[in-house]
Amino acid sequence: MPISRRNFMADASVLGMLAALLPQLAAAQASSAVQASEEDTPHDSYDFWNGFFDSVNPFSQNYGNKAATRGPSDQLPDPEAQTQYLHFDTNNKRLRYATDIKREELLDHDGDVQVSVAIAQYRPGSGETNLKASQLRLDTTQIKPYRNIAAPLAWSAIAAIAPNQAGKVSLADLGFQSPQATQGTSKILFTGGTGKLAVNISKAQAQSMFMKALNIMIEGAKFAAPLVSLPAISVPALSTFSQALAYWEDRTRFVMSGNLTSAVATQQAMDDPDREAHYIGLVPGDYLMVPQRHVEELAKALPNLEMNQGYLVAKDADPNLPLAQRSQSAVPGITYASMKIGVQPAPESCETKSSSSSGSSSSSSSSSSSHKSSSSSSGSGKSSSGSGSGKSGSESGGSGKSSSDEEKTKN
């Protein structure tokens, strides 16, 4: 997968954007009189994001150290909010945890894969309040760097989400299906068929510094949708950006919080003895994310649920009702988000195989052509010279054969 100059420059662009916006952020902070209460925002945002990327950050002491993986007991702000991942099995029309995806279901491909992740829906449960200021964030990273690049790459999309006039959250209305919105989470290169991902949803006060910072970034970057999309930047740069943003957010309340989770997309990656013990399987299709606190309630309804366009709906729901109405009546107390994932061999892997096959065919053709040329030269007593190195070698052999025949004729 070719890395463009634009992607190489992304790190500088991200940090440059932060530097350029600092004066505006400082002014916004000075003018802000609203202080978030600890009851509304019990979690320290900076504590969570500081060190979030350490396992894939080559500048961290914990880089590549599987034993140092952050766990719910010490690094998650609220273990009850820990993100759980489920996959909708279209063949059997059932939801199952992504950790239960079997090896034979994964792509059989020995090489890099290209992954696309599109956030489909976000449906807050009936018990959620203060929906006017929420942040939905999706992060994906490589575990191993691509070729000779010094650090693994990362893709991120950070969005401010708010309900419409009817009190519902519509990601389509917010522009999440636009090309601009998906560029930060499409064409993700998982080297060796494995990578990491995380989905986090948090709520800050509407007038908090984070919301002001995000709005300033959106306005300054002329984004059409309320999100910041960061495609293919280095992990160290994204780590710095995340810490700076968390500093401005200060306090928050996590609805879902998840550390980077290992994701395996190929059979060969699952067979890798160096992979992490805990992982989820990645296959094309719909995925559901729910917080740990809603797992038991979801388990009771799971056999009667299916997914339709990213929504949970009851299997026995009246098909004559609009999808939005069916989705609201299904497990109303459960907060969930959904995403659609695509997995395919990386283009360069395909090109390499095609090139290799083409090269073999070309070599065979060249050899056959050289043999014919040699025979012809041998009969006429003439030799030809080739321009290519492989061709020249074959025809050089033909030329030698011709000289030998001439000597025999003389004798």
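Which residues of the largest nonpolar core touch the most other members? I looked them up: Y85, V115, L282, Y287, M339 and I341, in a core of 40 residues. A nonpolar core here is a set of buried Ala, Val, Leu, Ile, Met, Phe, Trp, Tyr and Cys residues joined through side-chain atoms within 4.5 Å. Buried means under 20% relative accessible area with a 1.4 Å probe, protein chains only. Strand β4 (residues 113–123) gives the most to this core, with 5 residues. I also noted a second, separate core of 19 residues, with F48, F52, F241 and L260 among them.

Basis of the entries: this is a predicted model, where local features need pLDDT of at least 70, side-chain atom pairs count only at pLDDT 80 or more, and totals for chains, interfaces and linings use all residues. Residues are numbered from 1 along each chain as its sequence is written, and side-chain values use heavy atoms, with hydrogens and water left out.

Next, Y287. Beyond its neighbours within four places in sequence, I list contacts (heavy atoms within 4.5 Å) including L86, H87, A98, I101, M307 and A337.

Then the sheet. I read an open sheet of 6 strands, ordered β3-β2-β13-β16-β4-β7, with antiparallel pairing. Strands are DSSP runs (E, at least two residues) numbered from the N terminus, and two of them pair if DSSP finds at least two bridges between them.

Last, I checked β13 (residues 285–291) against β16 (residues 336–345): antiparallel, over 5 bridges. D286 has K340 in β16 as its bridge partner.

Methods
Buried means under 20% relative accessible area, exposed over 50%, partly exposed in between (1.4 Å probe, protein chains only). Helices (H or I, at least four residues) and strands (E, at least two) are DSSP runs, numbered from the N terminus.
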